[in-house]
Amino acid sequence: MEKAKYLILGAGPSGLTLGRKLLDKGEKDFIILEKEDTVGGLCRSETVDGKPLDIGGGHFLDVRRPLVCEFVFRFLEEKEWNSFDRDSRIRVHGTEINHPFEANIWQLPKEYQDKYLDSIQKAGCNTGVEKPSLFTEWIRWKLGDEIADNYMLPYNSKMFSDTLDELGTYWLEKLPNVSYEDTLRSCKEHRMFGSQPGHAQFYYPKEYGYGEAFIRIADSMKENVFTGVSVTEINLDTRIVTCGDGRAFQAETIITTIPWDCVKLTGISDEFAGAVSSLKHSAVEIRYVDEDPETPAHWVYVPDANTPYHRILCRCNFCPDSKGYWVETVKKRTAKYVGSKWEKNYAYMNEYAYPLNTIDKPQKIRLILDEAREKGVIGLGRWGEHEHYNSDVVMERAMKLADELMD
Ligand SMILES: Cc1cc2nc3c(=O)[nH]c(=O)nc-3n(C[C@H](O)[C@H](O)[C@H](O)COP(=O)(O)OP(=O)(O)OC[C@H]3O[C@@H](n4cnc5c(N)ncnc54)[C@H](O)[C@@H]3O)c2cc1C
């Protein structure tokens, strides 16, 4: 049995940031266990067709958290990144308009503008209807039937694998807020009004994929990071972790960034077990395409139900001297590539890509996190907290947890 003060499960951005911050504060007694042979989690990159490709989807570093950027730049210096103003588009009505849709309908032909404006004006949020609690109804209530039918519902159906009726609305407040008045004004003045979505400005490495930053963070604490070690069981009573290779570790505190439902959990209540089995996620495949996309955008959302993928990442528009693009497709829809001209292209399946925001998730995850913490096991990051956190958010949360643990 190997022992450590802190045992960190998973070497994605959250596990690595926590480890590095503990070390910065003088704490050396920690071990990070990672099942893959390389670190970085969903933020890993591979070289495909001579240039980087982010195998967990398109990954950009948002500028909004300066402390996080400062931390990352310690390992991959700021001068090694390009910065961009976001150009993301939605493919609709045979053309592309910028995202968010409701702020950019002025880019559509006039007859479409009138139709969308009329529909937004009649949306429930503008006519005094009470806010609904189901996802599909909320979308109609907030954005009107036209945006719901032509973009939001088909797109989200693709992205969340037809689970829309299971989703709650508590997480939608973070969508850009564009009022009817903002949309009307943007149609008159031909520029967008209302709040901007995330990644309005972002960084992407000049020579590498996003994953390089995490390889460098891990390299700075080589003795503490064990790759190729898959956790198979966590006993929350004894804080003993068992791994696929037969090794066992015991810690005073375990910090888990891996999905709760991917291992055997022992020493837990029946309610805890029930809550874990209620957590849902979607799997997303990344597939490379060796052609240049006909768009200047960094990425494009594709709501069309007949196209298997839901998003295109235009590598040639953010990765210098590269060509081609990659597409993101929910697992269920990847069968459509069998027998197609893309069948043999480079592809990588992320079994855990999006935690699903099901209606009862907030209560279930609260129960899990509270009971686990009482036993010295802390959930952190996208999977430890089962939240749609981006990498900058999980790094910020890991930094705060390091402060808390060391104080
Ligand atoms: C399609 C897509 C696009 C995204 N775009 C962006 C973006 O542009 N910008 C951004 O900042 N964020 C983006 N994100 C989010 C980003 O990927 C996550 O915020 C980030 O990876 C979360 O880090 P984490 O360490 O919490 O989890 P993860 O990155 O998932 O890391 C968890 C680690 O645990 C390991 N693990 C799992 N099971 C075990 C086990 N049994 N034993 C040992 N180890 C295990 C995994 O291999 C992994 O390394 C995107 C995500 C997706 C899916």
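Predicted model: local features only at pLDDT ≥ 70, side-chain atom pairs only at ≥ 80, totals over all residues.

Trainee: What makes β5 and strand β9 a pair?

Mentor: Two strands pair if DSSP finds at least two bridges between them. Strands themselves are DSSP runs of E, at least two residues long, and helices are runs of H or I of at least four, both numbered from the N terminus. β5 and β9 (residues 201-205) have two bridges, in the antiparallel sense, and therefore meet the criterion of at least two.

Trainee: Why are β5 and β6 called edge strands?

Mentor: The open sheet has three strands in the order β5-β9-β6, with antiparallel pairing. β5 (61-62) and β6 (81-85) each pair on one side only.

Trainee: Why is P205 called buried?

Mentor: Buried means under 20% relative accessible area, exposed over 50%, and partly exposed in between, with a 1.4 Å probe and protein chains only. P205 has a relative accessible area of 0%, and is therefore buried. The residue belongs to strand β9.

Trainee: Which residues does P205 touch?

Mentor: Contact means heavy atoms within 4.5 Å. Leaving out residues up to four places away in sequence, P205 touches L76, E80, W81, Y210 and P320.

Trainee: Why does L143 also count as buried?

Mentor: Its relative accessible area is 6%, so L143 is buried. L143 lies in helix α5 (residues 135-143) and touches E102, I120, A123 and M152, again not counting residues up to four places away in sequence. L143 and C125 are 18 residues apart in sequence and 8.2 Å apart in space, C-alpha to C-alpha.

Trainee: What makes strand β18 mostly covered?

Mentor: In β18 (residues 325-330), six of the six residues are buried. Y325, V327 and T329 point one way, W326, E328 and V330 the other way, and all are buried. This pattern may be set beside a general rule. In a regular strand the side chains alternate between the two faces of the sheet.

Trainee: Which strands pair with β18?

Mentor: Strand β15 (residues 281-289) pairs with β18 in the antiparallel sense over six bridges, and I286 stands opposite E328. Strand β17 (residues 311-313) is joined to β18 by three bridges, also antiparallel, and there R311 stands opposite E328.

Trainee: How do you know that α3 and α6 pack at an angle of about 115°?

Mentor: Axes are lines fitted to C-alpha atoms, for helices over the stretch in contact, and angles run from 0 to 180 degrees between N-to-C directions. For helix α3 (residues 110-121) and helix α6 (residues 145-159) this gives about 115°, with the axes 7 Å apart. The contact involves K115, Y116, S119 and I120 of α3 and D145, E146, I147 and N150 of α6.

Trainee: What makes a set of residues a nonpolar core?

Mentor: A nonpolar core is a set of buried Ala, Val, Leu, Ile, Met, Phe, Trp, Tyr and Cys residues joined through side-chain atoms within 4.5 Å. The largest core has 85 residues, of which L16, L18, L61, W81, F101 and I255 touch the most other members. α6 gives the most to this core, with seven residues. Apart from it lies another core, of 27 residues, among them C243, I258, V276 and L369.

Trainee: How are domain 1 and domain 2 bounded?

Mentor: Domain bounds come from an automatic or database domain assignment. The protein chain is divided into domain 1 (2-40 + 210-281 + 357-406) and domain 2 (88-197). Their centres, taken over C-alpha atoms, are separated by 36 Å, and seven residues of domain 1 are in contact with nine residues of domain 2.

Key: Residues numbered from 1 in each chain as written. Heavy atoms only, no water.
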